[in-house]
Amino acid sequence: QRQMCIRDRGLVIVDFKTDRIRPEEAPARAELYRPQLTAYSQALSRVLETPVAEMVLYFFAPGCQVTL
């Protein structure tokens, strides 16, 4: 599931993940998702003509987020 919001500085893209990982594994796992989140961000930025300010992955299992 993905969500987007528009802030003064640009789009904030949030992608929710259900991976069963420990909190300390989140940064490395987030890097695996970077290409996917980058593709979403580029598409939304083009369609909405607004820059992307932030890309965030939220992992439900450990309850933590990683900003890319």
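## Thr50 and its surroundings

The backbone oxygen of Leu48 lies 3.0 Å from a polar atom of the Thr50 side chain, a polar contact being a pair of N or O atoms within 3.5 Å, where within protein one must be able to donate a hydrogen and the other to accept it, and where residues adjacent in sequence count only if both atoms are side-chain atoms. This is a predicted model, in which local features need pLDDT of at least 70 and side-chain atom pairs count only at pLDDT 80 or more, while totals for chains, interfaces and linings use all residues. Residues are numbered from 1 along each chain as its sequence is written, and side-chain values use heavy atoms, with hydrogens and water left out.

Thr50 is found in the loop between helix H1 (26–48) and strand E3 (52–59), helices (H or I, at least four residues) and strands (E, at least two) being DSSP runs numbered from the N terminus. With a relative accessible area of 18%, Thr50 is buried, that is, under 20% with a 1.4 Å probe and protein chains only. Leaving aside residues up to four places away in sequence, Thr50 touches Gly10, Leu11 and Ser45, contact meaning heavy atoms within 4.5 Å.

## Helix H1

At Tyr33, H1 bends by about 50°, and Pro35 follows within four residues; the bend is the angle between axes fitted to the seven residues ending there and the seven starting there. The buried residues of H1 are Ala26, Ala30, Tyr33, Leu37 and Ser41, and what covers them includes strand E2 (10–17), E3 and strand E4 (64–67).

Methods: Buried < 20%, exposed > 50% of the residue type's maximum accessible area, 1.4 Å probe, protein only.
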